[in-house]
Amino acid sequence: MIIRHTIATDLEQLTRIEAASYPQAEGASKESIRNRMEAFPECFWILEEEAKILAFINGMSTNEENLTDDMYDDAKKHNPVGKWQMIFSVVTDPVYCKRGYASKVMAELIGDCKNRHKSGVVLTCKEQLLPFYSKFGFVNEGISESTHGNVNWYQMRLVF
């Protein structure tokens, strides 16, 4: 297994895994994933084995301190030297869930962000995932202003 950044040929696998992992109102479209891949390939962390993507995390860098809904579909908001790494998707191919793959990718992302001298990482998640992210040191900042997918999201922040 290796963890790497995205390449153009990943689009179909990433789109399939995203669609299988999120309800339609919450998941990124193929077009959105393509735009993200083109704008910030260095902000995709992909766990792969024998050319098969098992899990991935993606998001953008920005100087904005909070993750806002408009960031999801506007790849132009990415700032390669932004001090905050936003996370949009943390997904594991459903066939490979419960094997610790998302945790491996998260650990790699955190290490990369520290090496890039980011201030930290910001994400939003549903209530049942608060304990998962807390184990990496993320702090729950309460219910987010996000209305993405018409559900309640909690904003979590990891400061370095």
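Visitor: Which helices and strands each supply at least two residues of the lining of the largest pocket?

Guide: In this predicted model, they are the helices α1 (11–21), α2 (30–39), α3 (101–115) and α4 (130–134), with the strands β6 (89–92) and β7 (120–125). β6 gives the most, with 4 residues.

Visitor: What makes Y22 and V90 count as lining residues of the largest pocket?

Guide: A lining residue has an atom within 4 Å of a pocket point. Y22 and V90 are among the 37 residues that line the largest pocket, and with V91, L129 and Y133 they lie nearest its centre. The volume is about 790 Å³.

Visitor: How many residues of each class are in that lining?

Guide: The lining has 18 nonpolar, 11 polar and 8 charged residues.

Visitor: Why is N58 called buried?

Guide: Buried means under 20% relative accessible area. N58 has 2%, so N58 is buried. N58 belongs to strand β3, and among the residues it touches are C43, F44, M86 and F88.

Visitor: How do you know that the side chains of N58 and R36 make a polar contact?

Guide: The cut-off for a pair of N or O atoms is 3.5 Å. The contact joining these two side chains is 3.0 Å. R36 is itself one of the buried residues of α2, with S32, I33 and M37.

Visitor: Why are the buried residues of α2 said to line one face of the helix?

Guide: Seen down the axis of α2, they fall within an arc of 135°, so they line one face. They pack against α1, β2 (44–49), β3 (52–58) and β6. The face turned away from this buried side carries the exposed residues E31 and E38.

Key
Residues are numbered from 1 along each chain as its sequence is written. This is a predicted model: local features need pLDDT of at least 70, side-chain atom pairs count only at pLDDT 80 or more; totals for chains, interfaces and linings use all residues. Side-chain values use heavy atoms; hydrogens and water are left out. On a 1 Å grid over the protein atoms alone, a cavity is a set of points where a 1.4 Å probe fits but cannot get out, and a pocket is an open set with protein on both sides within 12 Å along at least five of seven lines; lining residues have an atom within 4 Å of a point. Grid points are joined across faces, edges and corners, and a volume is the space filled by probe spheres set on the points. Ala, Val, Leu, Ile, Met, Phe, Trp, Tyr, Cys and Pro count as nonpolar, Asp, Glu, Lys and Arg as charged, and the others, Gly among them, as polar. Buried means under 20% relative accessible area, exposed over 50%, partly exposed in between (1.4 Å probe, protein chains only). The arc is that of the directions from the helix axis to the C-beta atoms. Contact means heavy atoms within 4.5 Å. A polar contact is a pair of N or O atoms within 3.5 Å; within protein, one must be able to donate a hydrogen and the other to accept it, and residues adjacent in sequence count only if both atoms are side-chain atoms. Lists of a residue's contacts leave out its neighbours within four places in sequence.
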